[in-house]
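Colleague: I would like to learn how to read the sheets and helix contacts in this model. Could you take me through them one feature at a time?

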Amino acid sequence: MVGRYEYELGKAADILVRELFKLKPDETFIITADTESDPRVVDATARAAHSVGAKPMVIWLASPLGVGKAADPMLPIKPLTAALKEADAWVEFNNQWLLYSTPWDIAMEENKKLRYLCLVGMDADMMVRCIGRVDFPTLKEFQTKVVELTRKAKRMRITTPAGTDVSFENDPSRPILLEVGYADTPGAHFMSGQIGWSPIFETINGIIVFDGSLSPPLGLLKEPVKLHVRESKIVKIEGGKEAIEFEAWLKSFNDPNMFYMAHVCYGFHPNAKLTGAILEDERVWGCTEWGIGNVGPMLAPPKGRPAKSHTDGICLNSSVWLDDVQLLDKGKVVHPELIELAKKLGKA
């Protein structure tokens, strides 16, 4: 009997290695996963890499009890780092992600040829929808236009029906990460459908209400978690049981930097759904996402702002203003320069 999405998954894996990575014969291609990862995704990707003549190397790990730097004590840091320092390309399917861990930091710093693609927590269903059924050229054109408009904005405001009302200023010298899904150049890359940057930290003020997911430590939210933010610092957390759990998790690191906002992102993937997997949640069309804690130099050069871990929260159905021009209205694209491209992506 044929398994669910057996054929479609093969096509998605083929797009991943041929179109997005542009893998070449004899390249070393590392696939990392942990015991919470979907083995169908790992196997399909290894098969596709082998079929183009590359040399896939699959590294399975026990699932750490944390992500980023919090995963370090449970990782085989030296052998993992040694392998990553020599690879040509690396796709990460770990559920407890290595992104921002010590092996990730060293590999990205010392292996200048490495092409890394973050697909943490990906399962077969997500891979078929978010890689196998995407109009990548149109999505890239749409996202590139959004970046152009955002880069010109000096001051921004975001609101949501759940109560978010936050404003901040942008630093034109800071990079805006345009994540279009391609990993065909050296450096860190992420799944398509997201645009992220770090505003001027001390200008971030207002209320941020997460009503989608918050991961780690909570995943899908049953009730909103409300943050009061002053000059980038979380000064108060309100809500029910999950808000209490989240605040306790932040305090558990005994690191004041875990209470600072790290970055903001748009979600613009036409096929993303709110599932509890942060890779997909933060790309739900029309959401905004806030990172908290560690932020690297790729967003806040030259040194970023280190913290012991990192978390991301989702604000659904966002309204966004770039200076005085509205980009989104409750998750719907309203900017005149973007409406037609949004329609072409099926998001009228």
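Modeller: Start with terms: helices (H or I, at least four residues) and strands (E, at least two) are DSSP runs, numbered from the N terminus. Two strands pair if DSSP finds at least two bridges between them. This is a predicted model, in which local features need pLDDT of at least 70, side-chain atom pairs count only at pLDDT 80 or more, and totals for chains, interfaces and linings use all residues. Residues are numbered from 1 along each chain as its sequence is written, and side-chain values use heavy atoms, with hydrogens and water left out.

Colleague: In what order do the seven strands of the open sheet lie?

Modeller: In general, strands of a sheet pair through backbone hydrogen bonds, either parallel or antiparallel. Here the order is 7-9-15-16-17-11-12, with antiparallel pairing. Strand 7 (176–179) and strand 12 (219–220) each have a single partner strand, so they are the edges and one side of each lacks a neighbour in the sheet.

Colleague: How many bridges join strand 9 to strand 15?

Modeller: Four bridges link strand 9 (residues 194–197) with strand 15 (residues 261–267), and the two run antiparallel. Within this pair, G196 is opposite C265.

Colleague: Which strands does helix 6 lie across?

Modeller: Contact means heavy atoms within 4.5 Å. Axes are lines fitted to C-alpha atoms, for helices over the stretch in contact, and angles run from 0 to 180 degrees between N-to-C directions. Helix 6 (residues 136–152) lies across strands 7, 9 and 15, at about 170° to strand 7. Helix 7 (residues 241–251) lies across strand 11 (213–215), strand 12, strand 16 (288–295) and strand 17 (305–315), at about 165° to strand 17.

Colleague: At what angle do the axes of helix 3 and helix 4 cross?

Modeller: Two packed helices are described by the angle between their axes and the distance between the axes. For helix 3 (residues 77–86) and helix 4 (residues 102–110), the axes come within 9 Å and cross at roughly 30°. That makes the two helices roughly parallel (angles under 35 degrees count as roughly parallel, over 145 as roughly antiparallel, 65 to 115 as roughly perpendicular and the rest as oblique). On the helix 3 side, the residues in contact are I77, L80, T81, L84 and K85, and they meet T102, P103, I106, A107 and E110 of helix 4.

Colleague: What lies between strand 13 and strand 14?

Modeller: Two residues lie between them in a hairpin, and E231 in the turn has a positive phi of about 50°. Six bridges join strand 13 to strand 14 (residues 233–239) in antiparallel fashion, with V229 opposite I234. Strand 13 (residues 225–230) is also joined by five bridges to strand 10 (residues 205–210), again antiparallel.
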